Amino acid sequence: MNLTDKLNSTIRSVPPWVLYILAPLPAVWWFYLGFTGGLGAEPIKELEHKVGEFALQLLIAGLAVTPLRRFFGVNLIKHRRAIGVVAFFYVFLHLLIWLFLDMSLLWSQILADLVKRWYIIVGMAGFVLLIPLAITSNNWSVRKLGPRWRKLHKLVYAAVLLGGLHYVLLVKGLQLEPMLYMTAILVLLVARMVPQKRRAVARA
């Protein structure tokens, strides 16, 4: 058994529900740091950033599942749905932190920002695209929708792109970190579009 087989065997031994149990732990830790002064002078902004960045990392991780299997033989398909659901949880939490803690539910200001700030418009569009994916991330929906389920869940490509763009627009100027995230997203999307024959040649 080679290293990839051992890794896949270990991955298969971990049930997806473990991810749901572990998922809230980073958020709990960051909220704890925020309440105890561990997030610096602007704890709400830092909490909002950490949760949003982790959400983007999870979305990218979900996008990487298929390329990892095709090019490297690492099989995370069993956990892809759980990764997606956890990613939505953090995207939603990021939105709630902005609405309740950052904006204090000042709806006039929220609506004004939604109109004039492009990074908020783009981020909200990505969130809206993720809603039907989260709702249908269950076995009943897979059976009910049939082939339409796969077509619907291709919306995740646009949602991840919008998430990356949200981060790029959020920061002032061209900063390295958001550009690296966007580059990773584009590389993974291109990797998914490589024809099967070309992938076979690349592996050879």
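The protein has twelve helices and zero strands, where helices are DSSP runs of H or I with at least four residues and strands are runs of E with at least two, numbered from the N terminus. Read from the N terminus on, the elements follow the order α-α-α-α-α-α-α-α-α-α-α-α. The radius of gyration of the protein, taken over C-alpha atoms, is 19 Å, close to the 17 Å given for 204 residues by the globule rule (2.2 Å times the number of residues to the power 0.38), so the protein is as compact as a globular protein of that length.

This is a predicted model, in which local features need pLDDT of at least 70 and side-chain atom pairs count only at pLDDT 80 or more, while totals for chains, interfaces and linings use all residues. Residues are numbered from 1 along each chain as its sequence is written, and side-chain values use heavy atoms, with hydrogens and water left out.

Along its principal axes, the C-alpha trace of the protein spans about 55 × 40 × 35 Å. Of the 204 residues, 34% are buried, a term that means under 20% relative accessible area, with exposed meaning over 50% and partly exposed in between (1.4 Å probe, protein chains only). Among the contacts with a separation of 6 or more, 69% are between residues 24 or more positions apart, a contact being heavy atoms within 4.5 Å.

The axes of helix H7 (residues 118–135) and helix H10 (residues 155–170) come within 8 Å and cross at roughly 155°, where axes are lines fitted to C-alpha atoms over the stretch in contact and angles run from 0 to 180 degrees between N-to-C directions. That angle makes H7 roughly antiparallel to H10, the term for angles over 145 degrees. The residues that meet include Trp 118, Leu 129 and Leu 133 in H7, and Leu 155, Leu 162 and His 166 in H10. The residues of this contact divide into 17 nonpolar, three polar and no charged, with Ala, Val, Leu, Ile, Met, Phe, Trp, Tyr, Cys and Pro counted as nonpolar, Asp, Glu, Lys and Arg as charged, and the others, Gly among them, as polar.

The loop between helix H5 (77–102) and helix H6 (107–116) holds Ser 104, and Leu 105 lies in the loop between H5 and H6 as well. Most residues other than glycine have a negative phi. Ser 104, although not a glycine, has a positive phi of about 55°, and Leu 105, also not a glycine, has a positive phi of about 55°. Ser 104 counts as partly exposed at 46% relative accessibility, and Leu 105 counts as partly exposed at 31%.

How values were computed: Parallel < 35°, antiparallel > 145°, perpendicular 65-115°, else oblique.
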